[in-house]
Amino acid sequence: MLLHYGKSDVGMRRKINQDSFKALPVWDGDALLLIVCDGMGGHKAGEIASQTAVEKFCAVVSSRPCKADDPVLRADNIKNTLIAAVKEANETVYRLSISSEEYHGMGTTLVAAIVSRGMLYAVNIGDSRLYIVTRHEAKQITRDHSFVQFLIQTGQITPEEARTNPRKNVITRAVGVASKTEVDFFNINLRKWGSGYILLCTDGLTNYLDDAMLFELIFNSREKVRPTPEQELSRKADSLVSFANRSGGSDNITVLLAKF
């Protein structure tokens with residue numbers, strides 16, 4: 001099973017941490033499930049939304065083991081499982097949001113991955129992200145569902161301008177804000193990447209860095225005493241959170257790292 005480490009921090013300006021994450025082996029240890037959610041909503045509604053989505057998503061995936069060995073059938077099976085898990089998480093959060101005035105309008109982003117047999121299968125909704133980081137590059141795999149990403153795609157602003165756009169936190173898709181939602185799916189052969197790290201994170205981190213800075217933070221360790229693999233992973237995650245807080249810490253920060 002892949003080594004993994006997650007950390008969530010409230011940041012420097014928020015009173016409540018509305019992020020949630022989980023990493024757990026599933027399917028009798030044949031796969032590792034990773035998920036990060038960034039909740040939104042007044043008072044503690046965002047916190048409830050993200051926690052609910054994580055728990056429901058993990059329950060659905062855990063209950064639907066993939067037994068196919070053929071690569072194509074396996075990919076289709078896992079894709080269907082992940083999309084079903086998103087659908088049930090969305091329905092659960094949405095039903096909760098309309099059951100109480102306190103929860104009205106709540107929702108959450110979601111980025112999740114299954115890592116199994118050298119393959120990465122991922123889904124996302126919103127602007128929480130999944131990266132693959134190797135000795136050669138830091139590559140964003142998911143696509144943000146946000147207003148500024150729309151502006152970038154239509155050529156109205158540059159990626160650099162997007163980082164300071166006043167509407168950079170406006171997302172165009174979320175879990176739980178409507179009875180149905182759309183989800184993106186990604187299928188990655190990790191063997192082609194050699195070795196490196198899978199990073200799932202919220203925008204509390206990515207608001208402050210680009211791919212080059214992410215690469216530097218992951219691979220800038222110059223420790224005199226070589227850490228254990230577990231220590232190495234936790235220190236990398238800690239350094240990402242510390243960087244976001246030093247840069248302003250305007251939002252909750254969650255990072256979930258797995259080494260492949």
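At roughly what angle do the axes of helix α1 and helix α2 cross? In this predicted model, where local features need pLDDT of at least 70, side-chain atom pairs count only at pLDDT 80 or more, and totals for chains, interfaces and linings use all residues, the axes of α1 (residues 45-62) and α2 (residues 71-97) cross at roughly 145° and come within 8 Å. Residues are numbered from 1 along each chain as its sequence is written, and side-chain values use heavy atoms, with hydrogens and water left out. Helices (H or I, at least four residues) and strands (E, at least two) are DSSP runs numbered from the N terminus; axes are lines fitted to C-alpha atoms, for helices over the stretch in contact, with angles from 0 to 180 degrees between N-to-C directions.

The crossing of α1 past α2 is right-handed (the near helix is turned clockwise from the far one by less than a right angle). Contact, meaning heavy atoms within 4.5 Å, is made on the α1 side by residues including I48, T52, F57 and V61, and on the α2 side by residues including T81, L82, A85 and L96. By class, this contact has 13 nonpolar, three polar and two charged residues (Ala, Val, Leu, Ile, Met, Phe, Trp, Tyr, Cys and Pro count as nonpolar, Asp, Glu, Lys and Arg as charged, and the others, Gly among them, as polar).

The helix pair leads on to the nonpolar cores. A nonpolar core is a set of buried Ala, Val, Leu, Ile, Met, Phe, Trp, Tyr and Cys residues joined through side-chain atoms within 4.5 Å, where buried means under 20% relative accessible area, exposed over 50%, and partly exposed in between (1.4 Å probe, protein chains only). The largest such core has 33 residues, and W27, F57, V61 and L82 are among those with the most contacts inside it. Two or more residues each come from β3 (31-40), α1, α2, β5 (110-116) and β6 (119-125), and α1 gives the most, with eight. Leaving aside residues up to four places away in sequence, V61 touches W27, L33, T81, L82, A85 and I114. A second, separate core of 22 residues includes V133, L209, A244 and I253.

Now to the sheet: five strands form an open, antiparallel arrangement in the order β1-β11-β10-β7-β8, where two strands pair if DSSP finds at least two bridges between them. β1 (4-9) and β8 (138-140) are the edge strands, and the twist averages 20° from one strand to the next. β1 and β11 pair over six bridges, with S8 opposite T254 of β11. L199 is the bridge partner of Y131 in β10 and also stands opposite L257 in β11. Six of the seven residues of β11 are buried.

Helix α6 (residues 211-219) lies across β7, β8, β10 and β11 (253-259), at about 60° to β7, while α7 (residues 229-246) lies across β1, β10 and β11, at about 155° to β11. The buried residues of α6 are L214, L217, I218 and F219, and their cover includes β7, β8, β10, α7 and β11.

D28, in the loop between β2 (19-26) and β3, has a positive phi near 60° although it is not glycine; D28 counts as exposed because its relative accessibility is 86%. H43, in the loop between β3 and α1, likewise has a positive phi, of about 50°, and counts as exposed at 58% relative accessibility.
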